[in-house]
Amino acid sequence: MRRTLSAMFVLPAILFANAASSEEWFWGIQAEQLEWRSGEGSEAYAWDADAFVGTDELKFVLRSEAEYGTEEDSFETLENQFRLQVPVSNFFDAVVGVRYDSPDNGPYRTYGVLGLKGLAKQWFEVDADLYLSEYPSARFEIEYEGLITNQIIFTPSIELDLPLADDEATGRAAFGPKLEIGGRLSYDLLDRAIAPYVGVHWERTLGESGRLVRDEGEDDDVVSFVVGFRVMF
Amino acid sequence: MPSWLLRRALVLGAGLAVALTGAANAGEYNLTVDRVTVDTGTFSRSGIGYNGASPGPVLRFKEGEEVTINVTNNLSEPTSIHWHGLILPFDQDGVPGISYDGIAPGDTFTYNFPIVQAGTYWFHSHSGFQEPDGAYGAIVIEPEKREPFRYDREYVVQLTDAHPHSGNRIMRNLKMMPDYYNRQQRTLFDFLKDSREQGFDAALADRAAWGDMRMMPTDVEDLQGFTPLINGRSTEQNWTGLFKPGERVRLRFINSSAMAYFDIRIPGLKMTVVQADGNNVLPVPVDEFRIAVAETYDVIVQPKDNRAYAIFAESMARTASVRGTLATAEGMAAEVPDQRMPPRLTMADMGMAHEGMDHGSMDMGGMSHTMPDGSTMQGMNHGGAGMTGMASGAHKMPDGSTMKGMDHSGHGSMAASDPFYAPGSGLTPTAANGGKFLSYKDLRAQKPLYEHREATREIEMRLTGNMERYIWSINGVKFSDAEPVRLQYGERVRFKFVNETMMTHPMHLHGMWSILDVGKGKWNPIKHVVSVAPGTTVFMETEVDAPGQWAFHCHLSYHADSGMFRKIVVEGGPDGKSAQVPSSKTEG
């Protein structure tokens, strides 16, 4: 594992050395989700945000995904990723990085990240990651921006998280996927910088993972009403 | 006194001060580069200007004059001034990293060069995004000899696309999201409308075809949300030029926009185009013309009635417009025409011109499409579609076949045929009143500058880009990765521009003239900007007569900055004329 991780840092270092110093640097912050979720008996704040800095050839990305339960007063999930993105085709970037999960109730987990991110045909935004550790998993996210008008946008999204090995401590069993389906209706209030939205978010834990979740006394099937805003700056 | 009037008074004062310091044959001029406020009426923001205003003063030179221009940088960042279209020694050209090091904050740089031409030009910063932020002004050069046309008064009509965001912010946003500023995208409602008109299947198939390419037919202007200005004034602020009925008025149109092309008309008046990019052309009467970014056109109008006439400039994508006024008294205003429907790119603009077209009945064999001179097309029957001189080369068929036996007759969009647009292009302009719209093919040099001769070699430049990443390039290589283009002094180079992108690119060569091939041989017009529409191939020739190193780039600010840019090195030259090019590594 350690070897895999160190290789992940050597590779971008080589790439970075090749990126000409005359390259212009850009930065940006994008939060696709920054919301309050209200579901059957549970309320939470949640976010899914990226901050990046880099050039055309190499981007450094910090990604944070979290759900903070207001009743429990704790982070139910808290994922932190440091990702390096390099273009591999006109529309796709390859990703290498590390992911560190630190939910308040543990357990903490560290993964190596290998992925692809880009724009598929017909304007589907795709994120496909492989998380490598002794508890490997794969994740596939797809999102589409449907323009009702140029300011009112409906964004359906699907996220499938597939554990490839048992990790009972985190309530995950091999090949028992967690499926998240969302639909968010936003309005570009201030340019594209701030877009408030309302929507629904459905989380379903399937297979053996579903049983583990139920054993914990939690729901394996939660529909939430969400309200929040998209941020891009 | 309204603030814009006060500002105008200041501009006039500054212009006067400039004029007074100039002597007949050795003029000295002073420019300061200042932080200014750009106020469009709809927004107000900090920008950059000259002598305290944006636009800066009109610099009036005389052909044959030796000018000295002291430029003082009052900014807290480096700056530069490029004299757009002027023929001068390369170290006076004002491009940091290529001509010189630029002008440091607080420094004064003194430009010194002879004026060897006449006509309408402009100047602007070549540093970062200072030009989009307001750092531009006009240059008018009075000729030594009598001009081949007559006029009673003249006005500079300088257009720009003032944006509420700073240039740096715009570039960053475009890199983050290339359609950040495209607010004309097709929506659910457009889909429903198209479904009604074309049928559900056709509407869906059309979406699928564009979605397959991950491109948008609405992508005509990368940058929307700007307020166009004429001489620094929006429609409401109504720039006004006065005339007496019957007078001939020369309007010197300059497009100083960062990104916007404009279609210009004066309802009720015919315009006679007499000059393009500072060089006289055989007069062409038109109802409307399109001005690419960084081009200039001089037109003469003769308003006969005692009333106000609107000078109306609509951006090419119809996202914005500006009205100025020609009137017999201050305070008069002409009606503001409605903006027309936005154009949509077609598959022709994607270089897929003939997909789904009827290839049935007409023999167009021999259309090998290297015919800016139109010669191979003589004697062909185009069913009256007026396709003679098809300079465009968008004839790569998706299946690799040739275009033998194509039927262009009766194809609706061919009615607005212009060889400088791909056949079937959605961008081909038509005049609002149904009259004459200027085409490049109408331009002929009034007096050729060079003896006509065969080009010594051809250099192909494919105009390329990756829209999704907002990287623009030439031959697939962006500036930061590219070697300079090396030319030999004394050659005549034929540049072949093949536009493989769906955007229109105004290509600008510094220091040497661009002789645009419109198929008229020695009468081809002499320009400094050559606009290349999507899906077309355009040729220009350059007599390599200026030693040194020069910039060559797309004049859309954000395309140039993101890589559609080259350094051109002219090697050799006669004794005493060959340039002292700094040997140190240069990067622009």
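Analyst: This is a predicted model. A place to begin is strand 9 (residues 153-162) of chain B, which pairs with strand 10 of chain B in the antiparallel sense.

User: What makes strand 9 and strand 10 of chain B a pair?

Analyst: Four bridges join strand 9 and strand 10 of chain B. Pairing requires at least two bridges, so the two strands count as a pair. Within this pairing, B:Asp161 stands opposite B:Pro228 in strand 10 of chain B.

User: Why are strand 10 and strand 15 of chain B called edge strands?

Analyst: The open sheet in chain B has six strands in the order 10-9-12-17-14-15, with mixed pairing. Strand 10 (227-230) and strand 15 (279-286) of chain B each pair on one side only, and these are the edge strands. From one strand to the next, the twist averages 25°.

User: How do you know which residues of chain B touch chain A?

Analyst: Residues are in contact if their C-beta atoms lie within 7 Å. By that test, 20 residues of chain B are in contact with 19 residues of chain A. Helix 2 (167-176), helix 3 (188-198) and helix 4 (200-213) of chain B each supply at least two residues of that side of chain B. The residues there divide into six nonpolar, five polar and nine charged.

User: What makes a residue of chain B buried, and what percentage of the chain is buried?

Analyst: A residue is buried if 20 or more other C-beta atoms lie within 10 Å of its own. Buried residues make up 52% of the 588 residues in chain B.

How values were computed: Residues numbered from 1 in each chain as written. Chains lettered and ligands numbered in written order. Predicted model: local features only at pLDDT ≥ 70, side-chain atom pairs only at ≥ 80, totals over all residues. Contact = placed C-beta atoms within 7 Å. Nonpolar A, V, L, I, M, F, W, Y, C, P; charged D, E, K, R; others polar. Buried ≥ 20, exposed ≤ 12 C-beta atoms within 10 Å, placed from the backbone. Axes fitted to C-alpha atoms, helices over the stretch in contact; angles between N-to-C directions.
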